[in-house]
Amino acid sequence: MTNNEKTQPRNTKSLKHKLAGLLRGIFSPSSMMLVMPLALLVPNIALCFTEFNSVWAKLCNVALPLGVYLLLMSLSRKVGRSILWFIPLMVFCAFQIVLLYLYGESIIAVDMFLNVATTNFGEATELLGNLKIAIATVLIVYLPCIIRGIVLTVKHKRASERSVRITRRLGLGSLAAGLAFLACAYIFAPGYRISRELFPYNILDNLVTAVQRGVESSHYSDTSRNFSYRARSEHPADSTEVYVVVIGETSRADNWQLFGYERETNPRLSRRRGLIAMPRTLSEINTTHKSVPMLMSYLHSENFGDSVAHTRSVFEAFNTAGYSTVFISNQRRNGSYIDFYGEEAARHIFLTDNGPMRPDLDMIAELNKAIAEAKTKKVFIVLHTYGSHFEYRKRYPADMAHFRPEKNTEASFMNRPQLINAYDNTIRYTDLMLDSVITNLERLGAPAAMLYVSDHGEDIFDDARGRFLHASPVATYWQLHVPFVIWTSEAYRREYPGVVKAMEQNAAKNVSSSRTLFHTLMDISGLRTPYYEPSSSLASPAYCEPARRYLNDYNESVPLDRSGLRPSDLDQLRHHGLSAQ
């Protein structure tokens, strides 16, 4: 045996001993008094690089929490028990890390907590299955700490008195520095607020706000009881009329052939007579649980926060005007205002109540049934689709995959070509579904109209930021530019040419879907209510382009160009002829 052969096993054994010794040192009771606070500080350090806060705010965001964590760890020598008390905070830290991986910026927003509460299990598992790197990161950071906390607790291991004293001194020093930085932030950084810039206080404050909003929504039936649109119809009482609103999900205008996309994603709608497209439409919010209630009522960003719990849906107006009303949803109930508004229809159908998610095209049979069984000549129906919600390739039958390949849908920039293929297939499937709605309405031979608009758009790794999905605390251009189309039947165009002419004249103007749909629908259907505003209706000669607004996480309506959009987003708006003001 050579000297090298003798030395190699000894070196390997020595290396293992050194590694084991290092791990014992890192995870010793005394070391854990420092390791645990540093692990909790990971999100704070990351936020220093992702947020556009002042230097003082960033320094405070590191020093002040670190001081608190160190002092809490120094309260007892029973380190294991102290670590286990931090588990709830570790969960929030893990959530924050995943959020930063997904969106690249911002803290856990109020809407994010509400999205978690209103997201069904299937959606959650689809998303988590595509965030392996982020999940692995949080497991590497926090799982060893939890395991070590359990071991130290079970074995009754304690830190030394000296370690406690050192940790306490470090904590007091860091706390003092943090308070000094906090004072500087308030003095030298106008607009600084702990509730928005100090982690984890800000997310705890957001959680409280989310709970308050949830409690408020749970009392909706009481708070909205006395609301009425006091609607009346100006159309002949004995005329047959059918109006259908289709609310899309996660569809962005950039991938619609009708709005200039180079791919044939709208082969059917592109050939339809009587179709009017509004290419300059923006949503005032990028989350479903806010956008859909605004689309289903007179609400918009400037009155949503104060009025959503006290306002009833557009169904109340049509019910009062004597219409047969139907709500058909291909989304699962989630106890949000969307459900409450939909249930105000005389008849409401949730296709997924008795089984798994179904293709949107299945809604056509329910649509035809609702029209056939209507008790009045006037019918109003809302279809809430599942549209283009991730995971895209599951939103259409496999044999309708026009753009290929589209099987690899893991959330990564490398997979963008396949993600786009799958996403574009969902748009083609929406095109088929909407064309089917039009076909069935045209067959009635009566005045009829279909209005389609998506709740919000979607990021699909479109630029260097690597953003994906929607509902991020800070929106992007792709999350706000949405498709909006209106179709009217030949009989409608003959009966109400003035309405059609107004829509054609207003089609190229700036549009806010959130504040325009309700008023446009009032004009198309001939309904009048004190809440109707001609200046907000695309079907009125009095239509005025709205100022661009955005409903932020705190339910504040802010100018779009001050909503957090980045220069690249503003460039995209200008490139597509869209105003940010």
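Buried means under 20% relative accessible area, exposed means over 50%, and partly exposed is what lies in between, using a 1.4 Å probe and protein chains only. Keep that in mind for the whole tour.

Before you click: this is a predicted model, where local features need pLDDT of at least 70 and side-chain atom pairs count only at pLDDT 80 or more, while totals for chains, interfaces and linings use all residues. Residues are numbered from 1 along each chain as its sequence is written, and side-chain values use heavy atoms, with hydrogens and water left out.

**Whole chain.** Zoom out and colour by secondary structure: you get 24 helices and 15 strands. These are DSSP runs numbered from the N terminus, helices being H or I with at least four residues and strands being E with at least two. The C-alpha trace spans about 95 × 65 × 45 Å along its principal axes. Of the 581 residues, 56% are buried.

Now select Val55, Trp56, Leu59, Tyr186, Ile187 and Phe188, a nonpolar surface patch with about 620 Å² of accessible area together. Patch members have over 30% relative accessible area and no salt bridge, and nonpolar side chains (Val, Leu, Ile, Met, Phe, Trp, Tyr) are joined within 5 Å. The areas come from the Shrake-Rupley method with a 1.4 Å probe, and for residues only the protein chains shown count as cover. Helix H4 (55–73) and helix H10 (161–188) each supply at least two of the patch residues. Pick out Ile187, which sits in H10: its relative accessible area is 60%, so it counts as exposed.

**Helix H22.** Jump to Gln505, in H22 (residues 497–506). Is it buried or exposed, or in between? At 49% relative accessibility, Gln505 is partly exposed.

**Salt bridges.** The structure holds 30 of them, each a side-chain nitrogen of Lys or Arg within 4 Å of a carboxyl oxygen of Asp or Glu. Show Arg272 and Asp435, which meet at 2.7 Å, N to O. This pair links distant parts of the chain: Arg272 is in the loop between strands E2 (241–248) and E3 (275–277), Asp435 is in helix H19 (residues 416–442), and 163 residues separate them. Arg272 is partly exposed at 25%, whereas Asp435 is buried at 13%.

Last stop: Arg465. Its side chain bridges to Asp463 at 2.8 Å and to Asp569 at 2.8 Å.

Key: Patch = residues over 30% accessible without salt bridge, like charges linked within 9 Å, V, L, I, M, F, W, Y side chains within 5 Å.
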